Amino acid sequence: MTVQFSILGIMMMVALVLDAMAFIVLLTRARRAGLGLFAAGFASAATAVVVRSVHVGHAPMQNLFEVFLLMGALVFPLSLFFRYVLGVGGMAFDALLAAGVLAPAVFVFSPEPAPLPPALQSVLFVPHVAAYLAAYVVMAKVTVQAVWQLITVAAGNAEVSAGAERSAYRMVALGFPLLTAGLVLGAVWGKQAWGDWWNWDPKELWSLVTWLVFLAYLHLRALGGRRWATAGSVLVLAGAACILITLFWVNLSRLFAGLHSYA
Amino acid sequence: MARGRQVGLGLTLGALGVLASVSIVGAFLGAERARAMFNSQPLVAFWILLAGLLVAGFFLMPRLVRSPGLAAMHLGALLVLVGGMGGSDLGHRLAGRLFGAAKIPHGYMAVEEGDATDAVRDSETGETIGRLPFRIRLEDFRIEYYPSDRPWELWLERPVVFGEGFEMGMAPVAWREGEEASAGESQIRVRVVRYLSAAAPVYDGAGGLVGAEADAGSDAAAMEVIVSLGERSVHGWLAPAKGESRTAFSLAPLLPDEVRGHPALALWFVRPPSMPKDYFSDLAVLEGERTMARKTIEVNHPLHWGGYHFYQAGYDEAAGQYTILLVRSASGLTAAYVGFALLVAGAMARCWVEPAVRKLKGRA
């Protein structure tokens, strides 16, 4: 674990600390102060994103360091959307998620910039990655709702469990089109760069599995409504596991070497 | 109808489970083996079953027709499957048998600068697997590199005694501008008079290199050198042509007259290891002797002509004299792209627009 003592590293560290403080303050129900801290954390993370973009000369989406930095900055605006448009609460968790996503960028991943390889110089680079990052943040929130649904149903609290299930469904409905857009934009880009819109690459296949799992969730809900809420929550957890595999394992392990190895 | 709907949705869930499971297996197999598995007979039967389920959905579930979002998503998925089948090797074979459309599904072309070819080769065996109804000519191939702070390298190519004979070897020259440096263990001395980190070569009327001038837009360097061996010396410029990564300067005049030219003696000016920014092939499409189209292709920007796409896939790493093009038939692509558009539009309509409209109507 290394701590970066650069301007970028300090801004990211400040964002992480502010997000962690926002989580604690929001837990104490001091919503206004918590929201202020969360917003300040976002401002710091967003500035870090801009600094990084200027430094590397492209959108910061090339490697895991940049992806996690960007995701950390995305959580706050999405959290506002969850809260004020979808009516799904849990902002304290969102602040914790922002801190948790920034932590690997601050402590684990190398910030060493690298030039963009030819395949990444495409107009589809930004929309493809942005759609996936937004989808992943949304699905992280869905996962919390699913876990909460499973806990409350096990505790026999049917009313809270139903609320968690409704929230999870609303969030999946928000994230699924983003997953679809990410998958399709990737396919169109694959056609331009590699000659085929589907190359059976391990990362492509894990992305497909993720999409299929959430598609199955939507079919299950269409089939059984809220009757099979627990099965739906299990599917959400499976989808979250697939996202983690797509994001980390395929990138970090030599097991799945493929076309996305630079990512 | 409710029973049929339940059966249909149940079958769909089962199909999604099968596809997800097979995809996980494919991810462990690697791309090539996964491609083979997904094109095997059992999986072809599965794709047809999946397409059948999608079609059946429109008859069994009135909601699919009533909801524009659901209809678009399911029709999109169907079109993607149809497009995938149309673009597959099996799809090409079937089209050949049924309609006599004998297209080559995919292959490679190696084209030398100034040459034209219509031969498409197999990627593994290199054998010609078919000929296009037109030819592709390579007019120029070049690589653009990211700027590097490292100066270009000098290497001396000279014979090294090896047993009874000799073999050619390269020795680095640790050069500094304005100073004289030795080249390996040889007695050859290299004096770098001037080094231009971004330069363009200057030629005389006959095309001979006479110098170089600073050019901020160039990704190549140039160097003025004096090379000496004993009493003899040569003076000249090392300035690669645009897009080239190396150039040689013959040192034959340094050798005694009786051995001049045998063996070779040369000073190489070589780009330091640097990451390529992009690869470019200037292509022309020829039908007979007529040039039908020209395009400079690069990564992410293929040439589309005559139902095929041509992609920059490789090049002659030794001398940059030929390019390797990936050739892919465009069959099925339109169906797949329309399917993609419908999938995304349908998902957004179903998950975002329709609930918002329902909410607004509820408020009203």
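1. Domain bounds here come from an automatic or database domain assignment. On that basis chain A is divided into domain 1 (1-114) and domain 2 (117-263), and their C-alpha centres lie 21 Å apart.

2. This is a predicted model, in which local features need pLDDT of at least 70, side-chain atom pairs count only at pLDDT 80 or more, and totals for chains, interfaces and linings use all residues. Residues are numbered from 1 along each chain as its sequence is written, while chains are lettered from A and ligands numbered from 1 in the order in which they are written.

3. The contact between the two domains of chain A takes 17 residues from domain 1 and 17 residues from domain 2; residues are in contact if their C-beta atoms, placed from the backbone, lie within 7 Å. On the domain 1 side, α3(A) gives the largest share, nine residues. Helices are DSSP runs (H or I, at least four residues), numbered from the N terminus.

4. Helix α6 (residues 158-194) of chain A packs against helix α7 (residues 333-363) of chain B at an angle of about 165°, with axes 9 Å apart. Axes are lines fitted to C-alpha atoms over the stretch in contact, and angles run from 0 to 180 degrees between N-to-C directions. The angle makes α6(A) roughly antiparallel to α7(B), a label for angles over 145 degrees.

5. Residues of α6(A) that meet α7(B) include Phe176(A) and Val184(A); among those on the α7(B) side are Phe340(B) and Trp352(B).

6. Chain B is divided into domain 1 (2-97 + 332-363), domain 2 (109-145 + 276-328) and domain 3 (153-270). The C-alpha centres of its domain 1 and domain 2 are 35 Å apart.

Notes. Helix = DSSP H or I, 4+ residues; strand = E, 2+ residues; numbered from the N terminus. Parallel < 35°, antiparallel > 145°, perpendicular 65-115°, else oblique.
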